[in-house]
Amino acid sequence: MKNTCHVLFSNPESQRCNIRNVIFGIESLLSQLKRKDPNAAIEKIVLGNDFQLQLKVSEKITGVNYNGLTEAKQEGLIATCLLTENSSVAFVIQQLRGFIRKLSPWLLQKGWYLVKSITFQDGVLSIERTEHIMTIEKLRKIKFPGQSAYKLLLIDASSMLCEGYFATAKNDTEVQPNAAGFYTNGVYAMTRKLLWLLRDHQPTHLGMCWDVSRESLFRRKLYPDYKGLRDEKPVALQEQFGTAQILFERMGITQLKVDGYEADDLIGTLSHRWTEEVGDPCYIVSSDRDLYQLLNENVSILRNKKEQQKMLYTRADFMEEFPIEPRQWIDVKSLLGESGKSSDNIPGVKGVGEEGAFPLIQKYGSIEKLYNCIHELEGTPLKRYIKPLLRDHELAVLSKQLVRIVTDVPDLQHLQLDDLRIKIDKAAMIKEFTTLGFHTILSEIKEGRYRTSDYREGTSVEKIS
């Protein structure tokens, strides 16, 4: 059986094509190959100047078996796929599929590029990109053939640790150190929740975002009383921040902390980039309502489940609960402010409560437009808010600066999103659990109660053991 499989990558006259067409072209080629006898061998691979890749299939050959694994790799601006001369058809399919898996995230991390050249030389199929960028609007609509959706889990790690601590200790006297003298109740609760999240939601990417000291926050420079009413954390809790960070580092989990910024800002930046560059689901793990402003079609929040309350909180859920868009949550909070020991201590506009803030923002869209049209409130049921709004105008503007989550933290702009891919070191994890005395978790692992994904070799799901 002699045959030639081919796929046209672009109009020969253009000498350029977009990477999307290349990926679809390779998938088309694979479909043709799969219809051939899988025992056949590749006799010749040719890429002409007309951007037509041809794989010539030779007579049926039995016993062809290549055990050496050649993996797709990336070098600079080139994505490559290594093939062996006279490889079996099945082997070529396997390698080209690996090439697609590498090409897609390579594209998504950097933007949308056109192909500058496609070459096959010395057993290496190479595609070089240009710097021409497709619009984000079009990019977000692209789904690649055979590509399963990625899923990013962003954890407000500081909040999660504190919740775990207070959930397992009613007061400091009830918190006891382990045999080695370390306090671990908060880390233990946080670890169990992490394993549940990995099991139940099976993310492909994970980022743990930590707060820094309040004194270094840029918001403190804007307003010295920001978070000024909060008590100091118990000593037994303070110690566990270092313990948790060491544990997750040794497990191979990506952790993020940037001086001057809060965990919310890191989550805001990464969820924004994920939406723009990938367009797949992103789940934020936090009980902080300030994060509502980040909700969109891709970004949802995983809350602590309460009675008759959904754990997964989406943009649609927000729109059903409140008469505004998620992005307008900032403006409502700028009017309402926050007070109390556990609050961020936002000044807001005194005298404007929820009964005023929501209809005002619903009507005008933002505090800027509200102040521009404040004279229109005369003669309406909302006129009673004119005086407090004018009195606290500067505080309202300041409050919006404090409430707005940063979505472009400079230190995270050059982070490769694929660096967040989950690669848990299971051996190190078991060792650390043993050291910390997490015997119940270890027993549950042996029982198969937690499931996670082995992302080193792909997306297969297996028990931790």
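1. The secondary structure of the chain comes to 16 helices and 16 strands, where helices (H or I, at least four residues) and strands (E, at least two) are DSSP runs numbered from the N terminus. The model is predicted, so that local features need pLDDT of at least 70 and side-chain atom pairs count only at pLDDT 80 or more, while totals for chains, interfaces and linings use all residues. Residues are numbered from 1 along each chain as its sequence is written, and side-chain values use heavy atoms, with hydrogens and water left out.

2. Of the 465 residues in the chain, 51% are buried, a term that means under 20% relative accessible area, against over 50% for exposed and in between for partly exposed (1.4 Å probe, protein chains only). Among contacts (heavy atoms within 4.5 Å) between residues at least 6 apart in sequence, 69% join residues at least 24 apart.

3. The largest nonpolar core has 52 residues, and those with the most contacts inside it are L270, L335, L360, L377 and L389; a nonpolar core is a set of buried Ala, Val, Leu, Ile, Met, Phe, Trp, Tyr and Cys residues joined through side-chain atoms within 4.5 Å. Elements that each supply at least two residues of this core include β9 (152-156), α8, α11 (354-364) and α13 (386-391). Leaving out residues up to four places away in sequence, L377 touches L360, Y364, L370, L382, K383, I386 and L389.

4. A second, separate core of 39 residues includes A157, L198, M429 and F438. A157 lies in helix α4 and counts as buried because its relative accessibility is 0%. Apart from neighbours within four places in sequence, A157 is in contact with M190, M208, C209 and W210.

5. The axes of helix α4 (residues 157-167) and helix α5 (residues 185-201) come within 7 Å and cross at roughly 120 degrees, the axes being lines fitted to C-alpha atoms over the stretch in contact, with angles running from 0 to 180 degrees between N-to-C directions. Residues on both sides make the contact, among them A157, M160 and L161 of α4 and M190, L194 and L197 of α5. The residues of this contact divide into nine nonpolar, three polar and two charged, where Ala, Val, Leu, Ile, Met, Phe, Trp, Tyr, Cys and Pro count as nonpolar, Asp, Glu, Lys and Arg as charged, and the others, Gly among them, as polar.

6. D265 deserves a separate look. D265 lies in helix α8 (residues 263-277) and is buried, with a relative accessible area of 0%. Beyond neighbours within four places in sequence, D265 is in contact with F218, R219, I405, V406 and V409.
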